[in-house]
Amino acid sequence: MQTLSPEQRRQWQVDGYLHLEQVFDADEVNFYCDQMDRFRKVPGYEPDRRPELPIGHYSWMDHTPDLDPDGFMDRRELLTYDQGFIDLIDRSPVFDYIVDIMGPHILLSMTQAIVRHSGEDSHCYTHTDGGESLRRFRVSESSPPIAMKAMYLLTDVTEPDSGNLTVFPGSHMRPIPLPGERTITPYSPGAAQLMGKAGDVYLFPHALWHGPSRNLSGRSRRCLLYNYCQLWVRCYDYHTIPDVAQRCTPRQRRLLGDLGYDFMPGSYFYVPKDQEDVIAAG
Ligand SMILES: O=C(O)CCC(=O)C(=O)O
């Protein structure tokens, strides 16, 4: 499996993110964009903002509320839509780098497809993933992250305020504002709006403060997100091994939480004996 170069490792440790150029070619970018257009019209998990529901709740809906292909979409649980989404679970070299950064004792925790529409009403915000809990933890630069994500960019983002992924370099290690203190936004001091091309990938830990900038570019910005966590943390997209695991390779099944035996209390606490071989095998 591929490993980070010394320069990439340094950037990961200091800045808290990596930019991988042209992981997808143009055909793959088009394939995933077409898939997003297709599954916008079919049932799936979309944000449910009813006030009586917990924050960040997704519900099964008949289709994405906005059927315009350039309208906002936030679809979760992508694996059943096409084999192409299963393939991304351990796509090289992205997954290789994830294993190099996190170690081999990991799970896939979430898949997501986002379209950030253009306009004055485009969402912009800044957060850590893992919400109120993870932002209280400080990692050292030599520690593997508890959780991280790969963001596959499907649109060229070459100007500011185009729905850019906006990060606060180094914020995975520095003290960060806690609730009740000042609100941090993509326009706070220290924010870096990242540029990139369709087909590029950003890797970053959940602990890094990040979020989308406004999108005033006149075109929507698309991405796919694949999140990974340490095995003992567990995934947050599904609570049992999903049926789609039957169509997966042994490595992909392991990443979906199939440890090779029926669940029992104590599962996921220590890793299975063959974990490193399964993850290395591909
Ligand atoms: O769409 C983006 O640029 C960022 C998505 C995001 O906030 C996240 O991955 O948690």
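A residue is taken as buried if 20 or more other C-beta atoms lie within 10 Å of its own, with C-beta atoms placed from the backbone. The model examined here is predicted. In helix H2, this criterion picks out Val29, Tyr32, Met36 and Phe39 as buried. These four residues lie on the same side of H2, because they cover an arc of only 105° around the axis. The face turned away from the buried side of H2 carries Ala26, Asp27 and Arg38, which are exposed.

Helix H2 runs over residues 26-39 and has 14 residues. From first C-alpha to last, H2 reaches 20 Å, close to the 20 Å expected at 1.5 Å a residue. Several elements cover the buried residues of H2. Among them are the strands S2 (44-47), S4 (73-76), S5 (106-116) and S11 (221-230). Helix H3 (83-87) is also part of this cover.

The residues around the ligand are Ile114, Arg116, Asp129, Lys149, Leu165, His210, Gly211, Pro212, Cys223 and Leu225. The contribution of S10 is the most of any element, with 3 residues. By residue class, the shell divides into 5 nonpolar, 2 polar and 3 charged residues.

Strand S10 also belongs to an open sheet of 3 strands. The order in this sheet is S8-S7-S10, and the pairing is antiparallel. Strands of a sheet pair through backbone hydrogen bonds, either parallel or antiparallel. S8 (192-193) and S10 are the edge strands, since each pairs on one side only. Strand S7 covers residues 165-167 and pairs with S8 over 2 bridges, in the antiparallel sense. Val167 has Ala192 of S8 as its bridge partner.

Cys124 lies in the loop between S5 and helix H5 (131-134). Cys124 counts as partly exposed because it has 17 C-beta neighbours inside 10 Å. Leaving aside residues up to four places away in sequence, Cys124 touches Thr185, Pro186, Gly211, Pro212, Ser213 and Arg214. Of these contacts, Gly211 and Pro212 are also among the residues around the ligand. His239 is 115 residues from Cys124 in sequence. In space, the two are 30 Å apart, C-alpha to C-alpha.

Most residues other than glycine have a negative phi, and most peptide bonds are trans. The peptide bond from Ser92 to Pro93 is cis, with omega near 0°. Pro93 is found in the loop between H3 and helix H4 (94-102). Gln22 is not a glycine, yet its phi is positive, near 50°. Its place is in the loop between strand S1 (18-20) and H2. With 13 other C-beta atoms within 10 Å, Gln22 is partly exposed. Arg234 likewise has a positive phi, near 80°, in a residue other than glycine. Arg234 lies in the loop between S11 and helix H6 (250-255). Arg234 has 13 C-beta neighbours inside 10 Å and therefore counts as partly exposed.

Note on methods. Residues numbered from 1 in each chain as written. Predicted model: local features only at pLDDT ≥ 70, side-chain atom pairs only at ≥ 80, totals over all residues. Expected span 1.5 Å × (residues − 1). Buried ≥ 20, exposed ≤ 12 C-beta atoms within 10 Å, placed from the backbone. Arc of directions from axis to C-beta. Contact = placed C-beta atoms within 7 Å. Near = placed C-beta within 6 Å. Nonpolar A, V, L, I, M, F, W, Y, C, P; charged D, E, K, R; others polar. Pairing = 2+ DSSP bridges.
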